[in-house]
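User: I would like to learn how to read the sheet and the ligand surroundings in a model like this one. Could we go through them step by step?

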Amino acid sequence: MKVLVTGASGFLGSALVRALAARGDAVTVLVRQTSNCSAFAGCPVARVTGDVQDRDSLARATRGNDTVFHCAGRVADWGPRSEFYRVNVEGTRNLLDASCSAGIQHFIHVSSLVVLGVPRTMPVTEMTPYATRYFHPYVETKILAEQLVLDYHARYRLPATIVRPGIIWGPGDTTIFPRIEQLAGKGLLVILGRGDNVLCLSYIGNLVAGLLRAAAVEQPDGQIYSIADEEQITSRAFFAALTAALDLPPPRLTVPFSALDAAARLCEVWARLVRSSQAPLLTRLGLYLWGTHYIADITKARQKLGYRQQVSFQEGLQNLGAWYRQQYKPAASRDVKEL
Ligand SMILES: NC(=O)c1ccc[n+]([C@@H]2O[C@H](COP(=O)([O-])OP(=O)(O)OC[C@H]3O[C@@H](n4cnc5c(N)ncnc54)[C@H](OP(=O)(O)O)[C@@H]3O)[C@@H](O)[C@H]2O)c1
């Protein structure tokens with residue numbers, strides 16, 4: 001494949017670039033001037049410096065490729081709606097336009113199971129309707145981006161596939177994982193409610209394998225696939241195992257979900273009042289992701305893509321622990337020394 005990966009410097013994009021390069025695909029990456037590209041250093045890739053908001057750079061990046069993996073996005077639990085909209089919606093529209101002009105044969109859009117919000121009925125499937133109440137602009141803009149992809153497929157016959165992961169976890173995560181580490185280090189990691197809610201997890205290696213399977217679909221016709229790990233892990237089990245694997249203090253205190261929900265709302269109101277650019281310690285997006293029961297039915301991905309969870313939860317933890325000790329901690333202490 002001649003493939004473009006956007007968001008190549010991110011957690012998912014860099015893992016995908018490594019996997020594509022390892023199997024010999026011709027990989028082009030779209031990165032920003034400021035992107036840290038160390039996570040795919042040494043991989044033979046063609047680099048285009050640009051931005052999903054810069055249409056010229058997207059024309060250069062898509063030219064000559066046949067497949068696009070769109071992993072770039074504004075992924076955060078805080079920030080103004082306009083920022084999420086510019087990157088997740090307008091950025092996706094720009095890339096779709098460039099892909100149509102370049103004659104891209106398969107556009108694989110990385111969405112999120114968050115587009116379904118906090119559904120009442122489990123398990124969710126690809127038929128579950130979108131959330132109608134958005135507790136965060138990330139949710140709204142990920143829905144709008146999906147709808148754009150479906151629209152371009154319907155109107156311009158752009159061959160497209162949408163993949164919806166759960167919470168992505170594993171070695172290389174520089175978004176969610178440092179936050180958990182910070183909370184655990186301060187003794188603020190608590191058991192969320194009863195802690196018996198099943199988390200919708202997508203281990204990075206399993207997800208990358210799922211994306212490669214999605215890319216192999218012969219006649220992409222705008223299908224949506226939920227891709228998540230098959231083992232059912234509760235939040236209590238996840239945080240206990242994670243902290244044990246990383247030698248961090250385990251969560252001991254149990255806090256009712258309703259109290260955490262009220263605290264998250266207060267934290268958000270306060271952060272908005274003081275116009276904080278920093279995410280508050282607790283947000284509803286974070287709380288709902290980790291504190292609610294969420295099971296995705298992945299039958300469609302199993303049947304149509306042949307997707308299977310390849311890496312078990314225990315193996316994933318071992319890989320995360322090794323990365324934490326060998327790469328993450330040494331790099332973090334180097335950063336401190338350099339300051
Ligand atoms: N993390 C999760 O748990 C999760 C779960 C479900 C779905 N997803 C989806 O998976 C995708 C990848 O997420 P991730 O966890 O890998 O996030 P990430 O580590 O934050 O990576 C985001 C990537 O997008 C790039 N980016 C941001 N704004 C851009 C812009 N204006 N132009 C070009 N590139 C831009 C970033 O570049 P810089 O390095 O320059 O900032 C980075 O490479 C996203 O679509 C996200 O919505 C994530």
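User: In what order do the strands of the open sheet lie, and is the pairing parallel or antiparallel?

Analyst: Please keep in mind that this is a predicted model, in which local features need pLDDT of at least 70, side-chain atom pairs count only at pLDDT 80 or more, and totals for chains, interfaces and linings use all residues. Residues are numbered from 1 along each chain as its sequence is written. In general, strands of a sheet pair through backbone hydrogen bonds, either parallel or antiparallel. Here the open sheet has 7 strands in the order 3-2-1-4-5-6-11, with parallel pairing; strands are DSSP runs of E with at least two residues, helices runs of H or I with at least four, each numbered from the N terminus, and two strands pair if DSSP finds at least two bridges between them. Strand 3 (45–49) and strand 11 (223–227) are the edge strands, each pairing on one side only.

User: How many bridges join strand 2 to strand 3?

Analyst: Strand 2 (residues 26–31) and strand 3 run parallel and are joined by 5 bridges, and Leu 30 has Val 48 in strand 3 as its bridge partner.

User: Which residues are closest to the ligand?

Analyst: A residue is near a molecule if its C-beta atom, placed from the backbone, lies within 6 Å of it. The ligand is surrounded by 28 residues, the closest being Gly 7, Gly 10, Ser 35, Gly 73 and Ser 112. Helix 1 (11–22), helix 3 (81–102) and strand 7 (167–169) are the elements that give two or more residues to this shell, and helix 1 gives the most, with 3 residues.
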